[in-house]
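Look at the structure below.

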Amino acid sequence: MMRRLPSPFTPRATRRALLGAAALGLAVAAMPARAQDNWPAKPIRLVVPFVPGGVTDTSARVIAEALSKRLGQQMVVDNKPGASGNIGTQLVAQSPADGYTLLLAFDGTMVINPHVFPKVPFDTLKDFASVGKIGDAALVLVANPNVPVKSLQEVIALSKTQPGGLSYGTSGTGGTPHIAGELLAQRTGAKLQHVPYKGGGQALTDVIGGSIPLVYTAVAGAHGHVASGKVKGIAVSSARRSSALPDVPTFAESGVSDFEVNSRVGLLAPAQTPLAIVQRLNRELNAALADADTRERLAKLGISATPGTSEQFSAEMRRDLGRYGQVVKQAGIPPE
């Protein structure tokens, strides 16, 4: 007579099965936590949505070097230009939220493009987790030396005497300098005619040569020409005077109160990136920005390091998304 084997569904077997399943579930649940604890375990990609060589790209390389040292893993800059930054930004929005792909966020892409492109392939507020701001790049309004103005108020007065308005060049339609010029016109009644270029350098060349009277551009690209007398510095749009242009007053000092328009750069991660990773990145970013060497290297690019919380950076983007949207609508800037 054959012995009957115990049924696998006896109470004891059931208890063993349930205990085994519970242990397996706990192990699976612990896997993401262990992955976060071990982060970063490989190099991190920092996507820059512009070509190499510009201020945005150069600032990314300064930060990547500093964070590589602090994180113990290399942070690799990966340039993905196109569509005014939309292509590289979309790439990060669609990347795995594991902390190994980050975005060098530029305000022109994040808070202006959504208003000047008919369709933007990302949502600034929903598709990204804010890591923190790197800094602000001040803008400056400069004039050809032969233009009969010495102050912002004289620029405004002169513009109102010109039938077609006073022309000002920028790095392109919908960029931060363009928005700043439109905001100045809306706030003061100045008659300004926008002349878009393919880059701030080309616009500066034309104002030096006398083809256009004014250029709104980054301090980083203009301060050498102001120092040499090739152009006149009229006003900077930062809250305080730029250390690179200490003799050029702010817009507020020039009679236009509450006028602050800077280009800003920061770090974003894909939405749903674990909070522990975002917090670690924010701490390390702030520590890097507190380093004197990093601050000095950024200052040479015209960027004032501004450490802060991820929530503060997110709030700034939300504020400017609404503020610049109103400027674009009132100015009637056509979608690209």
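**Cavities, sheet and helices**

The second largest cavity holds about 30 Å³ of space. A cavity here is a set of points on a 1 Å grid, over the protein atoms alone, where a 1.4 Å probe fits but cannot get out; its volume is the space filled by probe spheres set on the points, which are joined across faces, edges and corners. This is a predicted model, in which local features need pLDDT of at least 70 and side-chain atom pairs count only at pLDDT 80 or more, while totals for chains, interfaces and linings use all residues. Residues are numbered from 1 along each chain as its sequence is written, and side-chain values use heavy atoms, with hydrogens and water left out.

The lining of the second largest cavity, meaning residues with an atom within 4 Å of a point, consists of Leu 141, Val 155, Tyr 168, Gly 181, Leu 184, Leu 192, Leu 214 and Tyr 216. Helices (H or I, at least four residues) and strands (E, at least two) are DSSP runs, numbered from the N terminus. The lining has seven nonpolar residues, one polar and no charged. In this count Ala, Val, Leu, Ile, Met, Phe, Trp, Tyr, Cys and Pro are nonpolar, Asp, Glu, Lys and Arg are charged, and the others, Gly among them, are polar.

Strand 5 (residues 139–143) pairs with strand 9 in the antiparallel sense over four bridges; two strands pair if DSSP finds at least two bridges between them. The whole sheet is open, with five strands in the order 7-6-8-5-9 and mixed pairing. Strand 7 (192–196) and strand 9 (232–236) stand at the edges with a single partner strand each, so one side of each has no neighbour in the sheet.

Helix 7 (residues 200–209) packs on this sheet, touching strand 5, strand 6 (166–170) and strand 8 (214–218). Contact means heavy atoms within 4.5 Å. The direction of helix 7 makes about 145° with that of strand 8. Such angles run from 0 to 180 degrees between N-to-C directions, with axes fitted to C-alpha atoms, for helices over the stretch in contact. Helix 8 (residues 219–228) lies across strand 5, strand 8 and strand 9, at about 125° to strand 8.

Elsewhere, helix 9 (residues 275–290) and helix 10 (residues 292–299) pack at about 75°, their axes 5 Å apart.

Definitions and conventions
1 Å grid on protein atoms, 1.4 Å probe; cavity = no way out; pocket = protein on both sides within 12 Å on 5 of 7 lines; lining within 4 Å.
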